[in-house]
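Here is a short briefing on one protein model.

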Amino acid sequence: MADIGAIAESIKGLTLMEAAQLVKRLEDELGVSAAAAVAAVPAAAAAAEEEEPPEQTEFTVVLTSFGTQKIKVIKTVREITGLGLKEAKQLVDAAPKAVKENIPKEEADQIGAKLSDVGAEFEVK
């Protein structure tokens, strides 16, 4: 078998015209087309883009509405976040607003259950 490194070094030394002649000769002798290889690269890139995105590991719980029990929601938000009464009230009044960000799925589910128990509406993003 030929030394691939030596072949690569030889090709590097070719002029642009000589490289074009080499490509043409290889196409003729091997019955292939260099254009087909160039067309295959975008197809491979498109296939890579279609791969499933990585699984989300961090979530944000967003309070979308406090419902009819605003005081209970404020108390629950205080419990979840550790905020003071004034800050928790401001957060609830500003809905839709993130209650907690960049948390694991389990914690987001627990927070959602607490908010749901007091009649609040929320989203997990």
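This is a predicted model: local features need pLDDT of at least 70, side-chain atom pairs count only at pLDDT 80 or more; totals for chains, interfaces and linings use all residues.

Residues are numbered from 1 along each chain as its sequence is written, and side-chain values use heavy atoms, with hydrogens and water left out. The protein has six helices and three strands. Helices (H or I, at least four residues) and strands (E, at least two) are DSSP runs, numbered from the N terminus.

**Overall make-up**

- From the N terminus, the elements run α-α-α-β-α-α-β-α-β.
- The protein has 125 residues, and 17% of them count as buried. Buried means under 20% relative accessible area, exposed over 50%, and partly exposed in between (1.4 Å probe, protein chains only).
- The accessible surface comes to about 9,200 Å². Carbon and sulfur atoms hold 57% of that surface. Areas come from the Shrake-Rupley method with a 1.4 Å probe; for residues, only the protein chains shown count as cover.
- Take the contacts between residues at least 6 apart in sequence: 66% of them join residues at least 24 apart. Contact means heavy atoms within 4.5 Å.

**Helix α2**

- Helix α2 covers residues 16–30, which makes 15 residues. At 1.5 Å a residue it should span 21 Å, and its end C-alpha atoms are 21 Å apart, so the two agree. The expected span is 1.5 Å times one less than the number of residues.

- Three strands form an open sheet in the order β2-β1-β3, with antiparallel pairing. Two strands pair if DSSP finds at least two bridges between them.
- The edge strands are β2 (97–103) and β3 (121–124), each pairing on one side only.
- Neighbouring strands are turned by 20° against each other on average, direction ignored. The axes are lines fitted to C-alpha atoms, for helices over the stretch in contact, and angles run from 0 to 180 degrees between N-to-C directions.
- Strand β1 (residues 59–65) joins β3 through four bridges, and the two run antiparallel. Val-61 has Val-124 of β3 as its bridge partner.
- β1 and β2 also pair in the antiparallel sense, over four bridges. Leu-63 stands opposite Lys-97 in β2.
- Five of the seven residues of β1 are buried, so the strand is largely enclosed by the rest of the structure.
- Thr-60 lies in β1. It counts as buried at 17% relative accessibility. Beyond its neighbours within four places in sequence, Thr-60 contacts residues including Ala-98, Lys-100, Glu-123 and Val-124.

**The nonpolar core**

- The largest nonpolar core has 17 residues. Such a core is a set of buried Ala, Val, Leu, Ile, Met, Phe, Trp, Tyr and Cys residues joined through side-chain atoms within 4.5 Å.
- Leu-63, Val-73, Val-77 and Leu-115 have the most contacts inside this core.
- Two or more residues each come from β1, α4 (70–81), α5 (85–93), β2 and α6 (105–117). Helix α4 gives the most to this core, with four residues.
- Leaving aside neighbours within four places in sequence, Leu-115 contacts residues including Val-61, Leu-63, Val-77, Val-99 and Phe-122.
- Thr-76 is found in helix α4. It is buried, at 8% relative accessibility. Not counting residues up to four places away in sequence, Thr-76 touches Lys-114, Leu-115 and Val-118.

- The peptide bond from Ala-95 to Pro-96 is cis, with omega near 5°. Pro-96 lies in the loop between α5 and β2.
- Asn-102 has its place in β2. It is not a glycine, yet has a positive phi of about 55°. Asn-102 is exposed, with a relative accessible area of 54%.
- Ile-103 is also found in β2. It is buried, at 5% relative accessible area.
- Ile-103 and Glu-58 are 45 residues apart in sequence, but 5.1 Å apart in space, C-alpha to C-alpha.
- Among the contacts of Ile-103, leaving aside neighbours within four places in sequence, are Phe-59, Val-61, Ala-108 and Ile-111.
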